[in-house]
Amino acid sequence: MIASKLGYYSLLLGFAISSFLLFYSLNSFKKKKLSIGSNLVSVMSIQLFSVFLSFVSLIYCFLISDFSNETVYNNSHTTKPIFYKISGSWGNHEGSLLLWLLVLTLFIFLFVIFSKKQPIKYRFLTIFFQQLIITGFFLFLILTSNPFNLLLPVPKEGLGLNPILQDPALAIHPPILYLGYVGTSIIFSASLSSLVNKNVNSDWAKHVKKWTLLTWVFLTIGILLGSIWAYYELGWGGFWFWDPVENVSLIPWLCLTALLHTLTVLEKRNLLKSWTMILSIATFTFSMSGTFLVRSGILNSVHTFANDPERGIFILTFLFILVFLSVILFFSYQENDKNAQNQIHVFSRETSILVNNWFMMYFLSVVLIGTIYPIFIEVLINEKISIGPPFYNKLLIPFLIPFLIFMSIGPNFRWIKDNFKKINYLRIFLFIICLSLSYFIIKDTSLSILISTIFGGSAIYLFLTTVKDLFRKKLLIAQSISHFGFSLFILSILFNSIFSNEFSANMKIGEEFKYKNESIKFLNLKTFEKDNYKSLVANFEIVNSNSSVSMFPEVRIYNEPNILTSEADIITSVFADKFIVMNLIKGEEIFNVRYQTKPFMIWIWMSTILIALGGLVSLFKKKYE
Amino acid sequence: MKIFKIFFFIFCFFYIFNITSHVQANQDVDKISKNLRCLICQGQSVYDSQSDFALTIKMLIKNKLQEGESEDEIYDYLKTLYGEWIVYDPEFNKKNLLLWVFPLILFIFGGLLIYKKVFINEHRK
């Protein structure tokens, strides 16, 4: 009870501070007296502290299972392990928005501390824009989604947390993801203020690139954690489902990746100013739209929490205001970069980065339209359509091929001007070797030969090029690591989808099935009673010509709320994962068993970590090319 | 001329891709059920789901396959029963035109922008 009150009042305090800061900065602009003294910094640290305190109070309410708090009542239960009581505090709409607010205030605080070398007006404007966003979210939280609503009489027991959310990877997935997803707000504020302050130049690019890298690394890792969770918890054996909520995290990622590349052009050549602005503004706009789509309940997805139209309307209005503001600022302040050194030569790094952006925007548009088109169709002509993997494969794969080829050539061009010699006979010869290699790998599979061979060939070619770059380009080590990670990623996905095998059958205890060169035997079933669930653990023996392993998939029957989940058992090795999952069919006798071998799964995760690692290296490297 | 070439290549890709994706059509329950939405679940395919609905659909696909029906016939049959909502692969028709064409238009437009930025400046010099 006390913790809820404390949390609520510190939330109000935070709101009061951000209103004050808005008022204060407007007033300072009027008087033209701009200074960021220690007073301002301490006011902002109090704001950060008040949001933090509010967040900690919510966690405390969850920890002691204080059911007088409505959010705790709706999402927790006394029998839950402590770890999930804590993570439950951000596993719901209200709590996750509080986390969102915490990230917003954290980033502006860090920004003020680490931007001391920047022009004062620019810093002031950034504080203003970020506080505008923060104020909006304070209002949203307090008016429509207060995490500290009190319940009377106090219920004895909570409703419990959805069991599929009770998982270690998913417990840390939201905070990490939010650091990237919400962190993009600082890029939004910084670019609007540099636009107004007219300091969109190389220095600014160098400064904002750090923030871009930081959010990009977190976003990448956040998406990875979500994927890993989906892989072993949802029991589907896949890692990406083109679920709308996955898509709305991928869209800002694509935008941010494009921005990261464009910023290097701005930094080196002082070019593409308007485009940089558009990308910076678009990234956070996509984050906000994603939140709107998910929280308004418009999208049909596994991630949707309890829906409330009022919330949707609030976010939509707020989003509209922000977009309107940025469009107006963009058109009133943008400078055309028309000077003598404005040339972009055909064979240059600049052009290859433009080509990168070109493809990134295409991929983005495919994911975007695939996500929102069903909504429009439903509203306009009242028909429901589904857009899933076949659509994305058809539109993405043909364009991935030229993208991979460009990616293996592009980074080798020098800035300003290079020559055509970069594409020589040796490269073409190597490419043909890759194609034939790919043909020999693919010819015995059921895939379409032509497109798969070209795709595989390009992927192998890119892989070889990035490996070479990794050892040769010491100066561009960050870029080389990320690009190498990406090529490894594409190659792993490709081999994974080609060589995955699966077997599924309904089995009873004692039954045995033969599948290709392996046999799967259902040995026994044990039942355990746990605090908050009943567990059925099966023992399977997988025997092939030279080895035999035991695997223990599990079915959990949770009591609060009463939900069944399947816990897959996965044996990971360097070359392939063995993945087994079972489901109850009728009673507790017959089980649907699905056994899969999934090659190179670990490399999909490792390569994503490499991609993010490249970003980290770049973040901490003092000097680069 | 360049634009036509780009057009040509894009459509070649699609053409090849569409033909080959039909040729490979392996008549298998798993493959078909992966492309179907489980109507009573949230964001799961028929293949992934163990709900009664999904199990019934899987049985139905199996029977239809044994009767010798093709993959496309099964999709059509299910579409008449449950509407287009059940298939994950949206049709290419008038209603969905924008869905399929919008990214391509954007791609061509982007290509033109880059062409203008890079080549026209080049000539001016």
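At what angle do helix H5 (residues 93-114) of chain A and helix H6 (residues 120-144) of chain A pack? The angle is about 165 degrees, and the axes lie 10 Å apart. Helices here (H or I, at least four residues) are DSSP runs, numbered from the N terminus. Axes are lines fitted to C-alpha atoms, for helices over the stretch in contact, and angles run from 0 to 180 degrees between N-to-C directions. H5(A) and H6(A) are therefore roughly antiparallel to each other, a term used for angles over 145 degrees.

The model is predicted: local features need pLDDT of at least 70, side-chain atom pairs count only at pLDDT 80 or more, and totals for chains, interfaces and linings use all residues. Residues are numbered from 1 along each chain as its sequence is written, while chains are lettered from A and ligands numbered from 1 in the order in which they are written.

The predictor gives the complex an ipTM of 0.85 and a pTM of 0.90. The pLDDT is the predictor's confidence in each residue, from 0 to 100. Chain B averages a pLDDT of 75, and 74% of its residues score at least 70. Over residues 15-27 of chain B the pLDDT is below 50. This stretch still has 18 contacts in the model beyond near neighbours in sequence. A contact requires C-beta atoms, placed from the backbone, within 7 Å. Within chain B, confidence is lowest in helix H1 (residues 2-23), with a mean of 49. Helix H4 (residues 71-82) of chain B has the highest, at 87.

Chain A is divided into domain 1 (1-161), domain 2 (175-423) and domain 3 (501-601). These bounds come from an automatic or database domain assignment. The C-alpha centres of domain 2 and domain 3 of chain A lie 39 Å apart.

The pair H5(A) and H6(A) has a left-handed crossing; that is, the near helix is turned anticlockwise from the far one by less than a right angle. Residues of H5(A) in the contact include Leu97(A), Trp100(A) and Phe111(A). H6(A) contributes, among others, Arg123(A), Ile127(A) and Phe137(A). By class, this contact has 15 nonpolar, three polar and one charged residues. Ala, Val, Leu, Ile, Met, Phe, Trp, Tyr, Cys and Pro count as nonpolar, Asp, Glu, Lys and Arg as charged, and the others, Gly among them, as polar.

Helix H13 (residues 349-381) and helix H14 (residues 389-409) of chain A pack at about 170 degrees, with axes 11 Å apart. H13(A) is therefore roughly antiparallel to H14(A). The contact includes Phe359(A) and Tyr362(A) of H13(A), with Phe399(A) and Phe403(A) among the residues of H14(A). Its classes are 12 nonpolar, two polar and no charged residues.

The axes of helix H17 (residues 477-499) and helix H18 (residues 601-620) of chain A come within 7 Å and cross at roughly 165 degrees. That makes H17(A) roughly antiparallel to H18(A). Their crossing is left-handed. The contact has 15 nonpolar, 10 polar and no charged residues.

Two loops carry backbone features. A cis peptide bond joins Leu152(A) and Pro153(A), with omega about -5 degrees. Pro153(A) lies in the loop between H6 and helix H7 (168-181) of chain A. Ser65(A) has a positive phi of about 50 degrees although it is not a glycine. Ser65(A) is found between helix H2 (38-63) and helix H3 (70-75) of chain A, in the loop.

Definitions and conventions:
Two residues are in contact if their C-beta atoms, placed from the backbone, lie within 7 Å. Angles under 35 degrees count as roughly parallel, over 145 as roughly antiparallel, 65 to 115 as roughly perpendicular and the rest as oblique.
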